[in-house]
Structure formats: C-alpha cells, structure tokens
Amino acid sequence: MGLDDSYKPVKIVDLHLVSSFFDNYKRAYLHSTTELVNRSSGVAKCSLNIQVTTELEEDICLVEHLQTEQVSIPPGSSIQYTFSEMFFYKPNLWWPNGMGKQSLYNVEVSVDAEGFGESDLWSHHLGSYPLF
C-alpha cells in the first residue's frame with residue numbers, strides 16, 4: 001500500500017500541455033508547465049522528470065523524450081516550472097474514426113524529493129489530432 005498524499009513533501013499541481021504544429025503537421029512542439037508545491041518545512045531539493053513515450057506494438061514502447069531538471073522549492077511555497085519545449089518530427093497523430101490510426105503519447109511527470117524518493121507522479125495519455 002502506498003503512502004497517503006499528506007505524507008508526500010512535494011506535489012505536482014495543474015500540469016498544462018500545449019502542442020504547436022507546423023509544416024502541415026510534419027513538425028510539432030510540446031510545451032509543458034506545472035506548479036510544484038512544497039508542503040514540507042524545509043527547502044525541497046528535487047529532480048523533476050518528464051517522459052513522453054509512444055506504443056509501437058502491444059507492450060513495446062519507444063521513449064520519444066526524457067528530460068530531468070533539478071529544482072529547489074522554498075519551504076511551504078510553490079513554484080511554476082516550464083520544461084524546455086520538446087520537438088517531434090512527423091508526430092503520430094490521432095485521426096477521427098475511419099480516417100486513420102488513433103495514436104496516443106503517454107506523458108509522465110514525476111518529482112523525486114531528496115531524502116524521500118518519488119514524491120508525486122502524474123501520467124496522462126495525449127492525442128494530437130489535425131484540425132480541418
């Protein structure tokens with residue numbers, strides 16, 4: 001059984017993902033920003049990780065992007081953090097029913113607090129679809 005959220009020193013709050021497309025959907029950029037809340041009474045020294053994967057076949061995934069950043073959060077406060085934008089060449093798109101494959105990316109963000117380990121994890125499937 002995992003720890004209750006109240007014991008976790010750093011919490012991921014309000015992750016925001018935005019995709020921008022260029023060159024007729026041949027190039028895409030993923031922009032991601034999150035709020036991190038330090039609920040402890042000391043400075044939280046953290047590793048903040050973002051990983052984007054796509055499923056190639058059943059149970060076989062490809063890591064498209066992986067970033068790790070070091071952040072410090074003052075006691076009892078929160079910070080806004082923006083990851084470096086991630087570039088995708090010929091991204092896998094989510095097509096409407098009958099028009100093509102419904103490809104999904106899995107975006108996972110985790111924060112590891114020094115002296116604690118993994119403090120929080122956020123995971124979400126993201127589909128990028130063309131606008132007609």
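Is Arg27 buried, partly exposed or exposed? At 25% relative accessibility, Arg27 comes out as partly exposed (buried is under 20% relative accessible area, exposed over 50%, and partly exposed in between, with a 1.4 Å probe and protein chains only). Keep in mind that this is a predicted model, where local features need pLDDT of at least 70, side-chain atom pairs count only at pLDDT 80 or more, and totals for chains, interfaces and linings use all residues. Residues are numbered from 1 along each chain as its sequence is written, and side-chain values use heavy atoms, with hydrogens and water left out.

**Overall build**

- The protein chain has 0 helices and 8 strands (DSSP runs numbered from the N terminus: helices are H or I with at least four residues, strands are E with at least two).
- Read from the N terminus, the order of elements is β-β-β-β-β-β-β-β.
- Along the principal axes, the C-alpha atoms fill a box of roughly 55 × 30 × 20 Å.
- Of the 132 residues in the protein chain, 33% are buried.

**Salt bridges**

- The whole structure holds 2 salt bridges (a side-chain nitrogen of Lys or Arg within 4 Å of a carboxyl oxygen of Asp or Glu).
- One of them pairs Asp120 with Lys11, with 3.5 Å between the closest N and O atoms. Asp120 sits in strand 8 (residues 117–126) and Lys11 in strand 1 (residues 10–22), so this pair ties together parts that are 109 residues apart in sequence.
- Asp23 is partly exposed, with a relative accessible area of 49%.

**The cavity**

- There is 1 cavity of 30 Å³ or more (on a 1 Å grid over the protein atoms alone, a cavity is a set of points where a 1.4 Å probe fits but cannot get out, and lining residues have an atom within 4 Å of a point).
- The largest cavity has a volume of about 80 Å³ (grid points are joined across faces, edges and corners, and the volume is the space filled by probe spheres set on the points).
- Its lining includes Ser19, Tyr29, Phe88, Pro91, Tyr105 and Ser128.
- Strand 2 (residues 27–38) gives the most to the lining of the largest cavity, with 3 residues.
- By type, the lining of the largest cavity splits into 8 nonpolar, 2 polar and no charged residues (Ala, Val, Leu, Ile, Met, Phe, Trp, Tyr, Cys and Pro count as nonpolar, Asp, Glu, Lys and Arg as charged, and the others, Gly among them, as polar).

**Nonpolar surface patch**

- Leu56, Ile60 and Leu62 make a nonpolar surface patch of about 260 Å² (patch residues have over 30% relative accessible area and no salt bridge, with nonpolar side chains, meaning Val, Leu, Ile, Met, Phe, Trp and Tyr, joined within 5 Å, and like charges within 9 Å; areas come from the Shrake-Rupley method with a 1.4 Å probe, and for residues only the protein chains shown count as cover).
- Leu56 belongs to strand 3 (residues 44–57).

**Positive phi angles**

- Asp14, a residue other than glycine, has a positive phi near 55°. Asp14 lies in strand 1 and is exposed, at 60% relative accessibility.
- Tyr25 is not a glycine either, yet its phi is positive at about 70°. Tyr25 is placed in the loop between strand 1 and strand 2 and counts as partly exposed at 22% relative accessibility.

Methods. On a 1 Å grid over the protein atoms alone, a cavity is a set of points where a 1.4 Å probe fits but cannot get out, and a pocket is an open set with protein on both sides within 12 Å along at least five of seven lines; lining residues have an atom within 4 Å of a point.
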